[in-house]
Amino acid sequence: MKNFIMLLLLTSSHAYANERNEWLDSFQYHGFASQELIFTTDNNFYGDSDHGSAGMTELGLNASLQLSPKIRIAGQVISRNAGEMDNGSPHLDFALLDINFISSSKGRLGTYLGRVKNPLGLYNDTRDVAHTRQGIFTAQTIYFDKVRDLVISADGAQLYGEYFLPNGTLLIQGGAGYPLPDKNVEQVYLGQDYEGKLEGNNLALIGRIMYEHNGGRWIVAASGATLEIDFKGTAADALGPSIPGMGYLPPLLGVNSGKIGIDYTIFSAQYNGEKWQITGELAYEDVDFIDIGGLFNGADVNSYGYSVEANYKFTPKWETFIRREALYLDKDDKYGKDFEVSSKQLNNTYPFIPTMDGHIRYSENWIIGSRWLISSNWMARAEYQMNKGTSTLSPAENDMANSTKDWDLFAISLSYRF
């Protein structure tokens with residue numbers, strides 16, 4: 001009996017050790033860090049770049065654990081020091097439960113539950129890691145860093161599926177989630193940080209359909225999101241600013257509680273050759289201001305942007321790229337001429353309101369850059385931009401009324417991953 005008990009204990013201990021080792025083997029963790037130095041001839045981009053800025057620092061740690069053959073948990077904590085847009089406080093970038101319903105030789109089907117990366121374009125769900133980006137910065141005409149938290153993820157559920165075809169793979173991902181607006185979203189869409197608050201109380205619909213041909217040599221995709229963000233205004237917001245000698249001006253600058261409706265669509269295509277990679281993306285955005293009033297009363301703005309890039313690999317470690325970007329905040333007034341006239345008329349009536357130049361309504365950029373893979377962990381990049389217009393800049397960092405239309409940017413970065 002004593003020997004039987006000892007055998008049972010040893011067997012149980014061995015089984016527990018095997019199970020523990022299996023769990024440890026299925027646990028994976030990775031991290032990344034990136035530091036950028038940015039110089040601009042005018043305007044601010046991630047800090048006081050007009051005088052040289054080290055205001056863009058990214059730190060991240062992600063982990064995943066395979067609980068069973070069909071169930072996985074994963075998450076990522078990130079810290080971003082991003083000029084005036086983010087102070088570096090760690091926050092949860094994504095945290096999800098991955099349930100794989102079906103997996104076979106024909107494909108797979110599953111769901112993500114929790115805080116899920118939004119499948120937008122070719123790069124949104126991977127752009128946190130510097131090694132996966134097109135350059136030091138993703139195309140700001142497609143992936144808006146100035147409202148990053150709204151774009152990057154949502155709290156909800158998404159289905160995903162892969163279907164293996166004779167010459168390629170069809171990938172579909174989509175679902176619903178609550179958006180994550182912050183003060184940057186308020187400053188971009190409402191022009192300033194009011195006492196009220198933007199809230200993501202309504203489910204957004206997000207999805208992407210992608211086809212990869214011949215092992216990814218050709219990739220085409222269509223993705224998009226439709227959402228409504230609630231603005232909970234205060235009594236002070238409704239009154240607007242108090243101007244000495246003039247009192248409150250409710251019809252002009254006061255804002256009410258209301259909604260911002262956003263429809264965003266991206267069409268993407270990419271060719272991947274032995275040396276060349278060619279990428280093109282085109283995005284449309286429709287922004288509808290509902291019941292907010294003030295200058296936004298009845299506003300419905302349609303914008304579009306694009307990015308076209310050619311990337312060439314000299315060697316596995318060295319590559320270079322050239323990219324053309326453009327973003328027009330109003331497709332019917334591409335260069336902001338009508339906007340500038342209206343701004344001057346408003347200034348004539350209310351001199352305390354600064355005149356806005358039309359260049360804040362568009363951006364047209366040429367960008368060249370290079371990448372050096374120092375090792376499997378370390379990477380260095382350099383990038384030069386020639387910019388015309390300022391629509392991609394954040395109002396959190398810039399006095400848009402005094403921004404400069406023509407400006408250049410030079411940046412270098414050092415990145416590490418494990």
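**Notebook: cavities, cores and loop residues**

I began with the largest cavity, which holds about 180 Å³ of space. I worked on a predicted model, in which local features need pLDDT of at least 70, side-chain atom pairs count only at pLDDT 80 or more, and totals for chains, interfaces and linings use all residues. Residues are numbered from 1 along each chain as its sequence is written, and side-chain values use heavy atoms, with hydrogens and water left out.

**Entry 1: cavities**

I took a cavity as a set of points, on a 1 Å grid over the protein atoms alone, where a 1.4 Å probe fits but cannot get out; lining residues have an atom within 4 Å of a point. Grid points are joined across faces, edges and corners, and a volume is the space filled by probe spheres set on the points. I counted five cavities of 30 Å³ or more by this rule.

For the largest cavity I listed 16 lining residues, of which Leu120, Leu150, Val151, Ala225 and Leu227 are the closest to its centre. The elements that give two or more residues to this lining are α2, β10, β11 and β14, where helices (H or I, at least four residues) and strands (E, at least two) are DSSP runs numbered from the N terminus. By class I found 14 nonpolar residues, one polar and one charged in the lining of the largest cavity. Here Ala, Val, Leu, Ile, Met, Phe, Trp, Tyr, Cys and Pro count as nonpolar, Asp, Glu, Lys and Arg as charged, and the others, Gly among them, as polar.

The second largest cavity holds about 80 Å³. I noted seven charged residues in its lining, with four nonpolar and one polar. Among the lining residues are Tyr46, Glu58, Arg80, Arg127, Asp128 and Ile136.

I next looked up Tyr46, in the loop between β1 (27-40) and β2 (53-68). Its phi is near 55 degrees, a positive value in a residue other than glycine. Tyr46 is buried, at a relative accessible area of 1%; buried means under 20%, exposed over 50% and partly exposed in between, with a 1.4 Å probe and protein chains only.

Asn214 also has a positive phi, of about 55 degrees, although it is not a glycine. I located Asn214 in the loop between β10 (204-213) and β11 (218-232). Asn214 is partly exposed, with a relative accessible area of 48%.

**Entry 2: nonpolar cores**

I used nonpolar core for a set of buried Ala, Val, Leu, Ile, Met, Phe, Trp, Tyr and Cys residues joined through side-chain atoms within 4.5 Å. The largest such core has 37 residues, and Tyr189, Leu190, Ile260 and Phe289 touch the most other members. At least two residues each come from α2 (148-152), α3 (183-190), β10, β11, β14 (258-272) and β15 (276-290). β11 gives the most to this core, with six residues. Another core lies apart from it, with 14 residues, among them Ile38, Phe45, Met85 and Ile136.

I then listed contacts (heavy atoms within 4.5 Å) for Tyr189. Leaving out residues up to four places away in sequence, Tyr189 touches partners including Val147, Leu150, Ile260, Val287 and Phe296.

**Entry 3: Asp399**

I placed Asp399 in the loop between β19 (378-389) and β20 (406-417). Asp399 is partly exposed, with a relative accessible area of 48%. From Asp399 to Asp286 I recorded 113 residues in sequence and 25 Å in space, C-alpha to C-alpha.

How values were computed
On a 1 Å grid over the protein atoms alone, a cavity is a set of points where a 1.4 Å probe fits but cannot get out, and a pocket is an open set with protein on both sides within 12 Å along at least five of seven lines; lining residues have an atom within 4 Å of a point.
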